[in-house]
Amino acid sequence: MTQARLTVEDLTVRYGALQAVRDISATFQPDSIVGLIGPNGAGKTTLLNALSGFTDITSGRVRLGERDITRLSGQARVALGIVRSFQTVRLLEDESVFLNVALGCERNPQPTVVEQIFSLPRQWRARRRDLAATYQILDTLGLSEFAGRAVAELPYATRRLVELARILVVHPEVVLLDEPAAGSDRAERDLMGRTLRQLHAREPFTMIVVEHDVDVVRKLCSYAIALDSGAMIASGEPDVVLENDRVQEAYFGVGHRA
Amino acid sequence: MRIAASIVVMAFVGLLPFALDSYWVFTLSEVMIYAIATIGLDIVFGRAGQLSLAQASFFGLGAYLAALTTTLPAGLQFLLVVATAMIAGAVVAIPTLRLSGLRLALVTLLFGELFIWALDHLGSLTGGTQGLVVPALAIGDSNSQDPTYGYMLVLFFAVAATLTAVQISRTQFGRRLLAVRDSEVAARSVGIGLVRTKVAAFMLSAIFAGVAGWLYAHVVGFVAPPTFDLFPSVYFLIAVILGGAGRVAGSWLGAAYIVLIPQAFSIIGQSNLFPILGGGVLILVALLLPGGLMDGATRTAGWIRARYAAMRQMSSNRRPA
Amino acid sequence: MPAVLAVGSLGNTLQVILGGLATGGLYAVLLLGVIVVFQVSKNVNFAYGELGVIGAFVGYVLYSTLHWPTPLALALGVAAAVVLAAVTDLTLIRRIPDRQGFDLVVTLGALLLLTAGTDVVFGSADRQYLNLFSDKARIVGGVYINAGDLLSLGLGLVALVGGHLIVNETGLGVSLRASAEDPAIARSMGIDVLSLRTAVWAASGLLAAVASMVIASRLVLDARYMTPVIINVFIAGMLGGLDRYWPPMLAAFGVGLYNSLAGYIFGSDASTPALFILVLAVLIIAPKRFLEERHEARA
Amino acid sequence: MIDNGRRLLAVGSILVLGLLVACGTGSSSGGGTGSNANCNTSQPTQGVTSSQITLGETLPLTTAGPSPQQTVDGSQAYYDMINAAGGVKGRKIKLIARDDQYNPSMALQQMRNLVQQDKIFAVAGGQGTPNFLAQAPFLNTQAVPAIAPYAPSSELGNMKYPHVYMTSVNYITEFQIMTRRVLDNFSPKGFGLVGVQGNVGDDSKQGMKQAIGSSGKPLLYIPEQPGTPDLTPIATQLKSSGADWVFLILTPSDTGGLLKAMQRIGYQPRLAAWAGMSDQTYIDQFGDLSQGMIVAQELALPDASDPDVQKYVQQFTKQTGRAPSGFNNSLGWSQAELTVKALQDAPALTRSCVEYALNQVKDFKTGILPPITFGASERQGVNAVGLVQIEGKTVKQIASFKSV
């Protein structure tokens, strides 16, 4: 269904003297689920930031399909369907779940501000379309009952789902998730993993997930990339990558097996 | 049901000028004029979170445009005010885009000071510190400075402003404003253009203030710099916060407060007490009711409803569920 | 727009520079209070200048009406401002809800309340304050080196250097910076963050009172004389950035000097546009990173 | 609900368009600019009952120190005296003074209060220029006579505002007379003028220019923004211009601040200032910096030997139990005196008849103001100022009233 193949070539991001990400080349196949693993400070979040346009790229290229998007702003990448979540939930805490999710409809073509304010016909159609999409994703994620509640009143795991709903309310091409299960317990992690798999099965999209939990990576991902100190040290099938010696060492501090 | 209630309210408000004496009719017109400008500030501050201390300058811009273009037809004046306010809003917004909080407040304050400075120094045009007389706007066989006609004129625009503000809450643009206020990161992650949204908010709020100023000049009949300096800007801010940021009804409450309470104090001959009360109320509301009076009212209503529901429950708990 | 006034002799220009630096020195004293308060509590106090006004007024009433000895009267005036500043923190600032702009709103309310209160309590007539040495001068090369100007300049330099030493070279400074960086970590280090905050507010009251007394001696005493002064102080803080030290403190001297020179060269009523142009120029030239107040936590 | 809201908005938009079309007929000015040269005894009126005449005024009671209240006290003392003697045409006079905070909008609001709520018959007195200027157009449209407001301005005192009867000299005249006086007596080398930027400063400059004329004396005019935090540049500019006479028309606080700045740079020119600086509250605070300052005098000093002045001082003292305390007491008394004369002379207690009586006033001596004369098209009743000088803690007369 998705045609866009996301590729990075020799990607480097430098903050002053620090090379947060260096010379990474990878291809993210359409509709695949890719796990990004590695210890803290390995550059996983920086890579997501570089893919989503939240940080400037020092050198290298990012392509979506044939299109070079290296210089595109985050806003322009969202318009192409590259959307993301954050390690800590970013929601409008005082506003309702409904409003937070509807915010994601920004990716639908919206009428001009003048049309919106004067409620001209294009705005009627846009509003009907956005309301329907919002209620549908709320329903899919089981959030309907919370639609009118302020986000701040909800438990953390539910807020994670609200953020996910905001990303998925308009069907995305590429979804970048930064530790979607951070701060959750075992059961919540498993639930999040299952939910992601189901959503992906229903309407496939390319998904890149930063995840620490080895089990989640094994069950969820079709591909894995391991980073250490900004560099890519292994990639391939999750089971193979996780067994890789350098990954074992970087990840678990285990030395080479003789 | 709501439509019926709206019609009753509108009829009541429309008939008010025939029941009150001209002084109170004029005072209510003033409340409505200030409500329009307050609703405008609520868009840029209450919703988009951009602390602006230039609202009275946009208000003054509209007022002085009215004073200087009295020979033009009213429709043309109105369009001119809207266009000029839009430009002014953008002019203030663009250099301040990278700023927030105190910095933004100070730069908008400087814009306001510059506006007053210009009024004072363009004496041949603006009447300088002495101000300008504004001839009444003819409406049929009466004019805008007749209290009843002035009231009707202002009422019309106040209703339009209120409906516009309500409509904004129902649009994606309205959601963009809140996102810009609450989390710029979240706003960017869904693809909201921060610059475009902030500039639009400033322009829109300037239009509201400009139109309010235009009405002010035609209804009051006199414009002078002190009506548009830093203090009124601060009072607009007070109105937004007091009423409840982001709430249209709150803007109305706030505007009523900043117009009627000083009057009440002057009627009892204690007008010097208003700033004291004003300062105290501002502190108390910000500390105790951060959502403003509207929020307080909503919460009280919710509490009463919950109690009422609980009582109903108790009285009916013998019936099968 | 008045025509550009001819700049007089070098002596006159130096005279204006001295006056501007003296005013800038007082701005620096005031700004030091704003900076430490901002760094430790992340709040800006609009009522800051008015605290100083009240201190100056208390001193005035004690020496002028009750005829107490002047040093004692002034000391008690400063003490009044210190207490008031601490009380402001204890009763108001601690309770401010965590929403953008609410510290400005609450302190704006305090400004209105205190200004109107000062009018009611002390009366709204303009009063002449103590000379504080401004009647003593020596002429050097056509320039009147006035003891009052030197006092202002000296206070500014003391604030500049003293502030630097306290913030950067003492244990107190370490505590301050720790609480500014992360109150939770500071608390775990055994620092009583809340008391420290109140102490910093009290210190800002001291600075405000001292500067306000000297400014009253240069202008007049009434309920409002500090308002235009404090706006210039905030502008200096804005130009330099309240989360830094040297840039804003030097900007305080700079704004005082710039304003006086602009007034001297282009006429007194050109100071508003002159200041506006300065601020706009800095906004346009300054790099983006310089203007960002704080980043949202890791994206 | 969604659709209803939309319909409401659509209706609103149509209404906007309709209104814009309806309003497209242009503007007209308010009516009522007749000069009321004739007395209409049957004119409908308000504020007059069989026992009382209600008058009103606005003043900056809370923002300009104690002085404006003293003006009200002065007027009230005169009305008390008249009321005790039976009032005017058998009616007691009631004065309502409202606070306008020196803010034009507030002033207009308060004038609406007075006319529409308190139903005053006429405006008697008042103080402050920008605040009164905001009220003048309203008074025009309502055709309410305003008697002797203290609002020195070149805008007033002419047939643009035919219902306003001025007894205060505008700043053009005041500074013209003062400058001429200095030119005649002190052979100045050069003039400086520091004035509040805007109309007040500009008027003063115009008056000085007219007096200096072709005498070739230089004049440096420095407009000042109220509340300037450093006044050294102004003082230095004056000093470097070589002006040995500096004229001031500033707020009392900025006057004090500028004199301090002059002191700091060792600059000691002769000083001259607008009438307000003869106020005792200013002299009490800043007298030491203002020794020898020449101040325009609009009202007679209470210690003058003129019999009319003596009569005023006597009456005031008898009425209040104390001597008049300065400018503002006298001002208020004189405003009330002219008002009562107009009411007494009026053939009937209607507004047009009171204006008819005012038009007949000729060389009326209050003992405080220079003789007042109005006419069918003369609204500036006084055109003369005297001069006083600050000496010690008081002022001394140095020149009697003189017209341009």
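The structure discussed here is a predicted model. Along its principal axes, the C-alpha atoms of chain B fill a box of roughly 80 × 55 × 40 Å.

The secondary structure of this chain consists of 14 helices and four strands. Of the 321 residues in chain B, 62% are buried. Consider next the contacts in chain B between residues at least 6 apart in sequence: 76% of these join residues at least 24 apart. The accessible surface of chain B comes to about 11,600 Å², and carbon and sulfur atoms account for 71% of that surface. Chain B also carries 18 positive and 11 negative charges, whose mean positions lie 23 Å apart.

One element of chain B may now be followed in detail. Helix 10 of chain B covers residues 194-220, which is 27 residues. From its first C-alpha to its last it reaches 38 Å, close to the 39 Å expected at 1.5 Å a residue. Is this helix mostly covered or mostly uncovered? Helix 10 of chain B is mostly covered, with 24 of its 27 residues buried. Just after the helix comes Gly221(B), which takes a positive phi of about 90°.

Pro135(B) is located between strand 1 (132-133) and strand 2 (138-139) of chain B. Because its relative accessibility is 25%, Pro135(B) counts as partly exposed; buried would require a value under 20%. Pro135(B) and Phe111(B) are 24 residues apart along the chain, and their C-alpha atoms are separated by 28 Å.

Chain C has a helix 10 of its own, formed by residues 246-266. This helix has 21 residues and reaches 29 Å from its first C-alpha to its last, close to the expected 30 Å. Among its buried residues are Met249(C), Phe253(C), Val255(C), Asn259(C) and Tyr264(C). Against which elements do the buried residues of helix 10 of chain C pack? Within chain C, they pack against helix 1 (10-41), helix 5 (147-169), helix 9 (226-240) and helix 11 (271-285). They also pack against helix 7 (232-241) of chain D. In general, an α-helix has 3.6 residues a turn, so residues three or four places apart point the same way. Helix 10 of chain C is followed by Gly267(C), whose phi is positive, near 100°.

Terms used
Residues are numbered from 1 along each chain as its sequence is written. Chains are lettered from A and ligands numbered from 1 in the order in which they are written. This is a predicted model: local features need pLDDT of at least 70, side-chain atom pairs count only at pLDDT 80 or more; totals for chains, interfaces and linings use all residues. Side-chain values use heavy atoms; hydrogens and water are left out. Helices (H or I, at least four residues) and strands (E, at least two) are DSSP runs, numbered from the N terminus. Buried means under 20% relative accessible area, exposed over 50%, partly exposed in between (1.4 Å probe, protein chains only). Contact means heavy atoms within 4.5 Å. Accessible areas come from the Shrake-Rupley method with a 1.4 Å probe; for residues, only the protein chains shown count as cover. Lys and Arg count as positive and Asp and Glu as negative; His and the chain ends are not counted. The place of a charge is taken as NZ of Lys, CZ of Arg, CG of Asp or CD of Glu. The expected span of a helix is 1.5 Å times one less than its number of residues.
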